[in-house]
Amino acid sequence: MASVDIVDVRKSFGSHPVIKGVDIRIDDGEFVILVGPSGCGKSTLLRMLAGLEHVTSGEIRIGDRVVNDVPPKDRDIAMVFQNYALYPHMSVADNMAFSLALKKASRDEIERRVKPAADILGLSHLLDRFPRQLSGGQRQRVAMGRAIVRDPQVFLFDEPLSNLDAKLRVSMRTEIKNLHQRLTTTTVYVTHDQIEAMTMADKIVVMHDGIVEQVGAPLELYDRPNNLFVAGFIGSPAMNMLHGRLDADDPTRFVTSDGVVLPVSGRHEAARGRDLVYGARPEAMSLGGPIPVKVVVIEPTGFESQVMGELGKTAVTCVFRERVSLKPGETLNVSIDPEAVHLFDAATGQRL
């Protein structure tokens, strides 16, 4: 196992920069997830870690070694791809043992390393099958097993669950997290799914347009987003955001651009007169109160009710643990916990 240091790393394709100076410290044994929308640079950064893309400038260290010019096969990493990348003519056992066979390991060595990996992943009864005889989840476990038998310093995962159906993704999230807890190998995982990031990571790196917007533990990013991008990206349903200003006479009142008055804690008195964005998570809104929300759509999920509506002219989402009986067009009165409200500077996007 080893730590990973990414120091002022930049990557350009021709004159077009895609990674614009990234600094990330990944501790030994840590499970770190790079998350962000398509095109943010997360997969490019992972490929540079793997040695599949050249680093334009900056430095990547695995352990104490700078690996910028080290070939992929010599970096002591193992990568699990989105499309499994299994050899169709090889059995599960041979796919898992492929890297060992290339190194001309003995049969005893191969069996000693393949069998425990197969046991961990529940593949022991499938070792004689071929990839075409496996389900998507089983194929992904084989790809993980192939990585495990290499016993690398670092695991790299490139959106490994995106080809699976929703139910299987949930179970595979649990399997990957459990695998990490057993092996404690440093892991870097790329996804665009913030639910995967929130549920699996020790630390999340939120990327946008080739830069790192924020690094932190999942609940740290959820509770204290640095800016509007992180606030809108982390959390499902997304944070409600309304434009307006603090009341000129009362800093505990926020007045939206539609004239709706919303509560806020009095900690931001110095922000009077500035254009602000009021951020409230859907679960911070409770039934009963002075704030009118016009109901547009109700989505009951069983244990909670999601109500999509309009607050003034702004679309908002409310999440209630209670079951509600409403029809589109009706008005729902809600309250908002002022201690759960975030204020952002509208010009810079930074949280106050």
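Student: Which domains does the domain assignment of the protein give?

Tutor: Happy to start there. This is a predicted model, in which local features need pLDDT of at least 70, side-chain atom pairs count only at pLDDT 80 or more, and totals for chains, interfaces and linings use all residues. Residues are numbered from 1 along each chain as its sequence is written, and side-chain values use heavy atoms, with hydrogens and water left out. The bounds come from an automatic or database domain assignment, which gives domain 1 (4-230) and domain 2 (240-345).

Student: What area is buried between domain 1 and domain 2?

Tutor: The C-alpha centres of the two domains lie 39 Å apart, and six residues of domain 1 are in contact (heavy atoms within 4.5 Å) with six residues of domain 2. Buried area is the accessible area (1.4 Å probe) that two parts lose on being put together, summed over both. Carbon and sulfur atoms give 60% of the total, which is about 570 Å².

Student: How many salt bridges does the rule find across the interface of domain 1 and domain 2?

Tutor: A salt bridge is a side-chain nitrogen of Lys or Arg within 4 Å of a carboxyl oxygen of Asp or Glu. Across this interface the count is zero.

Student: Where does Lys 203 lie, the residue that pairs with Glu 30?

Tutor: Side chains of opposite charge can pair when their charged atoms come close. Here Glu 30 and Lys 203 form a salt bridge at 3.3 Å, N to O. The pair links distant parts of the chain, 173 residues apart. Helices (H or I, at least four residues) and strands (E, at least two) are DSSP runs, numbered from the N terminus. Glu 30 sits in the loop between strand 2 (16-26) and strand 3 (31-35), while Lys 203 lies in strand 9 (residues 203-208).

Student: Which two residues does a cis peptide bond join?

Tutor: Most residues other than glycine have a negative phi, and most peptide bonds are trans. In this bond omega is about 0°, and the residues joined are Ser 236 and Pro 237. Pro 237 is found in the loop between helix 9 (228-233) and strand 11 (240-246).

Student: What is the phi of Asp 76 near?

Tutor: Asp 76 is placed in the loop between strand 5 (65-66) and strand 6 (77-80). Its phi is positive, in a residue other than glycine, and near 60°.
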